[in-house]
Each structure stands twice: as C-alpha cells, then as structure tokens.
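Hi,

Here is the structure I promised to pass on. Have a look at it, and then read on for my notes.

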Amino acid sequence: MMLLTYDLLSTVEPRNDGYVAFSDQVIPGSTLLGCASLDHWDIGLPVRERLNFGGINSRAVAREVLFEAIVLTVAESLNQASIRPAHYYSGNLYRLS
C-alpha cells in the first residue's frame, strides 16, 4: 500500500519511508541509532508475524537490534553523565548535602 506514496515522495527525496523524507526523519541534535528497511508498523509492532505475513521472524531481528541500540545508548549516556563534574551541567542543578 505504501508503494504509491513512496513513489510520489521519491520524486522529491529518494530516501523516504513512504510517509516522510529522510532529511525530515532525524530530529536536529538527536542521535541516529540506525536505519531499518522497515515501515512504521514493522518497527514497533509484530503485525506481520502475528498475521503470518512475510515470514514468522522476518522483522523481529531488526526490532531486537534497534532495541539493543536504544538500551546501549541510554546506558552509555547515563554512564558518561555520572562521571561528569556537577558544574558541567547547564540549567537547574540540585545537590543533596
């Protein structure tokens, strides 16, 4: 179903997911964890696996890898935040004395 919108959008931006151009998918200042050749539903929900459409585990591996990237990125970010000195942070800082 998304091939029609993908084809229409590809005349402007060949790298798109059928809804949004690649340049508009990445939030400025964010961290890109990876690119998956899946549509919006395949990333978050096991729709194809539940309906047995496209193979039982055809998208599960991609979801697992992206989830692992999220967990590792958050863990690394928390680890770096814990070793930075307090004066590094901007904004409100509350200390317990």
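In which helix is Leu78 found? Leu78 sits in helix 5, where helices are DSSP runs of H or I with at least four residues, strands are E runs of at least two, and both are numbered from the N terminus.

Before you go further: this is a predicted model, in which local features need pLDDT of at least 70 and side-chain atom pairs count only at pLDDT 80 or more, while totals for chains, interfaces and linings use all residues. Residues are numbered from 1 along each chain as its sequence is written, and side-chain values use heavy atoms, with hydrogens and water left out.

Now the overall picture. The protein chain has five helices and zero strands, so its pattern reads α-α-α-α-α by the DSSP runs. Of its 97 residues, 14% count as buried; buried means under 20% relative accessible area, exposed over 50%, and partly exposed in between, with a 1.4 Å probe and protein chains only. The accessible surface comes to about 8,200 Å², and 62% of that belongs to carbon and sulfur atoms (Shrake-Rupley method, 1.4 Å probe; for residues, only the protein chains shown count as cover).

Back to Leu78: it counts as exposed because its relative accessibility is 56%. Leu78 also belongs to a nonpolar surface patch with Leu33, Phe67, Ile70, Val71 and Val74, and together they have about 550 Å² of accessible area. Patch residues have over 30% relative accessible area and no salt bridge; like charges are joined within 9 Å, and nonpolar side chains (Val, Leu, Ile, Met, Phe, Trp, Tyr) within 5 Å.

The whole structure has one salt bridge, meaning a side-chain nitrogen of Lys or Arg within 4 Å of a carboxyl oxygen of Asp or Glu. Arg15 and Glu13 form it, with their closest N and O atoms 3.5 Å apart. Glu13 counts as buried because its relative accessibility is 15%.

Glu13 comes up again with Asn16, whose side chain reaches the backbone oxygen of Glu13 at 3.0 Å. Asn16 lies in the loop between helix 1 (3-10) and helix 2 (22-25), and is buried at 12% relative accessibility. Leaving aside neighbours within four places in sequence, its contacts (heavy atoms within 4.5 Å) include Tyr6, Leu9 and Phe22.

One more loop: Arg59 lies between helix 4 (47-50) and helix 5 (60-83). Arg59 is buried, at 16% relative accessibility, and its C-alpha atom is 7.5 Å from that of Pro46, 13 residues away along the chain.

Cheers

Conventions: A polar contact is a pair of N or O atoms within 3.5 Å; within protein, one must be able to donate a hydrogen and the other to accept it, and residues adjacent in sequence count only if both atoms are side-chain atoms.
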